[in-house]
Amino acid sequence: MCGIVGIVGTSPVNQAIYDALTVLQHRGQDAAGIVTITEGKFKQRKANGLVKDVFQIKHMQRLQGDLGIGHVRYPTAGSSSAAEAQPFYVNSPFGLALAHNGNLTNAKDLREAMSKRARRHINTTSDSEVLLNVLAHELDKLVEEEFDQRHVFAAVKALHQQVRGAYAVVALIIGQGMVAFRDPYGIRPLVIGKRVSDENPQRMEYMVASESVALDAVGFEFVRNVAPGEAVYVSEDGQLFTEQCAENPSYNPCIFEYVYFARPDSTIDKVSVYGARVNMGTKLGEKIKREWEDLDIDVVIPIPETSCDIALQIAMQLNLPYRQGFVKNRYIGRTFIMPGQTQRRKSVRRKLNAIDVEFRGKNVLLVDDSIVRGTTSEQIIEMAREAGAKKVYFASASPEIRFPNVYGIDMPSANELIGHGRESEEICELIGADGLIYQDLEDLVDACKEGNPEIQNFETSVFNGVYVTGDVDQEYLNYLDQLRNDDSKAVQAQEEVANLELHNEEN
């Protein structure tokens, strides 16, 4: 999962992109990057780290220009080296830079096609660089003397016919403008906003971003969601053009955006993330009331922060006290999106600390948004017992995660998922809880759909193994497993260190 932003303005956009990326930091903590255009040239800064650490004053001063794009990276398949930080760029046609959120399911085939048919070199393991070269190749075939929006939309249409998977994209074309588009299933989110230019009140400035909260942070008015398959083109002089570029687009937004990834103050595809989480709490509270009516629960405690709104609603449903039993260290990143199991395990106790008085001598109900690998849940339950809890029950706002995600979330091989091939009783025993209850998938879908009845289907493959793009088989899952599992990432990290040492020796 990554965060993207793009702005076409009338004055330097570097600060606005920086500010937008800071509020999208929750979508990726591995790397950050900004590309702007000034005097017909790209200005770029990207590196591993948080936004506040990657961009210093000297970098911001160099990132001049009235249009630019930015990215925060969260690695899934492939490596997490600085070389794979985004945006990526190519020199032809014009000069093209691109940032991407999602994952391509046919990246391997596209890479081979770009090499053999288009004679384009892909320098990293990133599928985003593959996507950039596909777009560049299609634009290159279409561009004539007078470039306009028709070339952009034709290139995106051709791209949709070749590319499979999930992708929300923003790109810059030197001398032309900014293009953004979304995959035909609308799996990954993308919104567009506008504001009146301070420099020229007769002109509008436009912005695209992964979440509406990024628009709010820099003073842009939310216009609408970019539709599945749609492309948006904003010329350098601020003209906005849009066109549907997919043959059979359909809404299938990733339901995990509402469960975990997105900020609660965002609205995605007309669904309030906060509202969806409140509904999840209501649904799960009703289930607990039905199935656990004999349990003597004293207090409901969320595992901060995503589950706080959910837990509060559960407490209201059960007529029980709601307490903040854990204090979160806000200087530790989100453990779910940290690369490597070892780093995730070490981070849990540095991230959370129990308030003994809320646990001592009580039967507690802990509420979390999900259980992925189970290691975090196990450690948190241990912390609750060490703080004096008599019994520890556990509730998950989402169903059992049984299948890998192939659309941009680092839910790895099935063997690393605690829910794969196990029933809740066995999972309960493994994480050390006195009781475990999961949200039903139907209730989760209803909780999210309530905000926008027009959405008929969500992307829910991690729960039911149904992949909406229809091109995912066991062979692909095995291939993805080789790229994603923690052992593979450890080997990749060792290779990157060795390459860096060799580079230093040579220089």
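Which residues do ring pairs link into a cluster? Select Tyr74, Phe256, Tyr260, Phe261 and Phe463: ring pairs join these five residues into a cluster. Before you zoom in, keep in mind that this is a predicted model. The structure as a whole holds 16 aromatic pairs, and we'll visit two of them.

**Stop one: a ring pair away from that list**

Pick phenylalanine 94 and phenylalanine 147 and show their side chains. The ring centres are 5.1 Å apart and the planes sit at 75°, so this pair is edge-to-face, the label for planes over 60 degrees apart. Phenylalanine 94 is in the loop between β5 (88-90) and β6 (96-104), while phenylalanine 147 is in the loop between α5 and α6, so the pair ties together parts that lie 53 residues apart in sequence.

Phenylalanine 94 is partly exposed, with a relative accessible area of 37%. Phenylalanine 147 comes out at 12%, which makes this residue buried.

**Stop two: back to the cluster**

Next, go to tyrosine 260 and phenylalanine 261, two members of the cluster we started with. Their ring centres are 5.1 Å apart and their planes make an angle of 85°, so this pair is edge-to-face too. Hide the surface for this one: tyrosine 260 is buried at 8% relative accessible area, and phenylalanine 261 is buried as well, with 0% relative accessibility.

Slide back to the loop between β5 and β6, where proline 93 is found. Check omega on the bond from serine 92 to proline 93: this peptide bond is cis, with omega near 0°. Phenylalanine 94, from stop one, is in that loop as well.

There's another cis bond to select, between proline 304 and glutamate 305, with omega about 5°. Glutamate 305 has its place in the loop between β16 (299-302) and α10 (308-318).

**Stop four: helix α5 against helix α6**

Select residues 127-142 for helix α5 and residues 149-162 for helix α6. How do these two helices cross? Their axes come within 9 Å, at an angle of roughly 130°. That makes α5 oblique to α6, and the crossing is right-handed.

- From α5: Leu131, Val134, Leu135, Glu138, Leu139 and Leu142.
- From α6: His151, Val152, Ala154, Ala155, Ala158, Leu159 and Gln162.

Colour by class and you get 10 nonpolar, two polar and one charged residues in this contact.

**Stop five: helix α9 against helix α14**

Now jump to residues 273-291, helix α9, and residues 441-449, helix α14. The axes of α9 and α14 come within 8 Å and cross at roughly 145°. The crossing of α9 and α14 is right-handed.

By class, the contact of α9 with α14 has five nonpolar, one polar and three charged residues.

**Stop six: a loop glutamate and its neighbours**

Find glutamate 236 in the loop between β12 (230-235) and β13 (240-244). Is glutamate 236 buried, partly exposed or exposed? Relative accessibility is 35%, so glutamate 236 counts as partly exposed.

Leaving out residues up to four places away in sequence, glutamate 236 touches Val8, Leu67, Gly175, Gln176, Gly177 and Arg203.

**Last stop: positive phi values**

Finish with a look at the backbone torsions. Glutamate 39 has phi near 55°, a positive value in a residue other than glycine. You'll find glutamate 39 in the loop between β2 (31-38) and β3 (41-48), exposed at 78% relative accessibility.

Lysine 270 also has a positive phi without being a glycine, near 70°. Lysine 270 is in the loop between β14 (267-268) and β15 (271-272) and is exposed, with a relative accessible area of 51%.

Terms used: Residues are numbered from 1 along each chain as its sequence is written. This is a predicted model: local features need pLDDT of at least 70, side-chain atom pairs count only at pLDDT 80 or more; totals for chains, interfaces and linings use all residues. Side-chain values use heavy atoms; hydrogens and water are left out. Axes are lines fitted to C-alpha atoms, for helices over the stretch in contact, and angles run from 0 to 180 degrees between N-to-C directions. Helices (H or I, at least four residues) and strands (E, at least two) are DSSP runs, numbered from the N terminus. Angles under 35 degrees count as roughly parallel, over 145 as roughly antiparallel, 65 to 115 as roughly perpendicular and the rest as oblique. A crossing is left-handed if the near helix is turned anticlockwise from the far one by less than a right angle, and right-handed if clockwise. Contact means heavy atoms within 4.5 Å. Ala, Val, Leu, Ile, Met, Phe, Trp, Tyr, Cys and Pro count as nonpolar, Asp, Glu, Lys and Arg as charged, and the others, Gly among them, as polar. Rings of Phe, Tyr and Trp (its six-membered ring) pair if their centres lie within 6.5 Å; planes under 30 degrees apart count as stacked, over 60 as edge-to-face and the rest as tilted. Buried means under 20% relative accessible area, exposed over 50%, partly exposed in between (1.4 Å probe, protein chains only).
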